[in-house]
Amino acid sequence: MTERDPRIDEIHWYHSIDLGSGVTTTGEFDTEAALARLPFPSSLEGKRCLDVGTRDGFWAFTMEARGASEVIGIDVDHPTDLDTPWAPAAVRQAWANAEAGSEKRGFDLAKELRHSKVERVVTSVYDLDPEVIGTFDFAYIGTILLHLRDPIGALMALRRVVTGQLLVNDSITPDILMGTRAPAARLQSFTGPFWWIPNQAGLVRYVEAAGFRIVQGPVRYTLPIDPRQKPGGYGARGGLTRREWAHNRIRRGVAHAYLVVEPNPD
């Protein structure tokens with residue numbers, strides 16, 4: 001039996017990632033369950049792919065495993081590159097993560113153990129430029145837009161570099177706004193590392209305003225918490241106490257919706 005690499009337990013993992021040798025990280029969310037729900041291409045053979053907000057790299061590694069010829073995951077490492085101000089506790093957590101280097105350490109270790117060739121590029125989604133980073137046949141952006149002050153601006157930046165399909169997978173508001181047909185979004189920057197959380201119609205409006213047309217969706221589903229997660233895991237990130245964890249619906253998962261889109265012709 002292969003001895004477990006002790007570095008695995010030194011990292012706070014965001015994704016549940018298969019590292020090989022029978023080891024899967026305990027993430028905040030059950031990404032394998034999410035993958036099974038999403039219309040993620042079964043084959044990306046020969047395609048150049050982009051993972052936006054890669055963090056530990058689960059989606060980027062999945063692209064590679066499904067045959068992509070090249071995969072780039074982008075993220076930022078320093079809190080000054082994030083769209084703060086968020087809630088004070090969220091800002092403190094961002095600085096703590098930066099000081100620990102947890103985001104990059106997780107990606108680098110997963111890349112090493114998976115013998116991966118995925119490239120991690122430090123850049124903001126807003127700064128995507130085809131003359132610098134090239135263009136992509138397929139791109140994925142998941143649970144990122146709610147953290148951005150300008151989610152439509154981020155999608156417009158993606159419109160510059162995506163020539164094929166973009167899979168958008170993001171949180172939607174589970175309250176009364178869900179039922180309205182009118183596009184709406186809730187401003188939630190005082191409760192965590194969040195800005196705008198749209199209803200389903202709002203997410204549709206995001207992508208249309210950014211210059212994309214919808215080819216599949218929207219489809220609503222619940223993104224499940226990693227079942228191995230304990231109170232204080234996701235809760236610590238989201239500011240939930242143990243009592244709040246026990247009673248809050250977050251323990252059952254987070255309301256999401258996905259769309260597959262393509263850029264409108266110029």
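Modeller: Happy to; below we go through the nonpolar cores, the aromatic rings and the salt bridges. Keep in mind that this is a predicted model.

Biologist: Which residues have the most contacts inside the largest nonpolar core?

Modeller: Those are W13, F40, W59, M63, F138, Y140 and L167, in a core of 34 residues. Elements giving two or more residues to this core include α1, α2 and β6, and α2 gives the most, with 5 residues.

Biologist: What is L167 in contact with, leaving aside its neighbours within four places in sequence?

Modeller: Its contacts include L38, P39 and F40, then F138, A139, Y140 and I141, and also Y258, L259 and V260.

Biologist: On to the rings. How many aromatic pairs are there in the whole structure?

Modeller: The search finds 8. One of them joins F58 and W59 edge-to-face, at 4.9 Å centre to centre with 90° between the planes. F58 is buried at 4% relative accessibility, and W59 is buried at 6%.

Biologist: And why does the pair of F61 and F107 count as stacked?

Modeller: Their planes are at 25°, which is under the 30 degrees needed for stacking, so the pair is stacked. The ring centres are 5.4 Å apart. F61 lies in helix α2 and F107 in helix α4, so the pair ties together parts that are 46 residues apart in sequence.

Biologist: Which rings are linked into a cluster?

Modeller: F40, F58, W59, F138 and Y140 are linked by ring pairs. There is also a charge over a ring: the charged end of R55 sits 3.7 Å from the centre of the ring of Y14.

Biologist: Changing topic, how many salt bridges does the structure hold?

Modeller: It holds 9. In one of them, E10 pairs with R105, with the closest N and O atoms 3.7 Å apart. E10 is in the segment before β1 and R105 in helix α4, so this bridge ties together parts 95 residues apart in sequence.

Biologist: Are those two buried or exposed?

Modeller: E10 is exposed at 51%, while R105 is partly exposed at 33%.

Biologist: What about R120, where does its partner sit?

Modeller: R120 is in strand β5, and its partner D77 is in the loop between β4 and α3. Their closest N and O atoms are 2.5 Å apart. R120 is buried at 13%, whereas D77 is partly exposed at 33%.

Key:
Residues numbered from 1 in each chain as written. Predicted model: local features only at pLDDT ≥ 70, side-chain atom pairs only at ≥ 80, totals over all residues. Heavy atoms only, no water. Core = buried A, V, L, I, M, F, W, Y, C linked by side-chain atoms within 4.5 Å. Buried < 20%, exposed > 50% of the residue type's maximum accessible area, 1.4 Å probe, protein only. Helix = DSSP H or I, 4+ residues; strand = E, 2+ residues; numbered from the N terminus. Contact = heavy atoms within 4.5 Å. Phe/Tyr/Trp six-rings, centres within 6.5 Å; stacked < 30°, edge-to-face > 60°. Lys NZ or Arg CZ within 6 Å of the ring centre and 35° of its normal. Salt bridge = Lys/Arg side-chain N within 4 Å of Asp/Glu carboxyl O.
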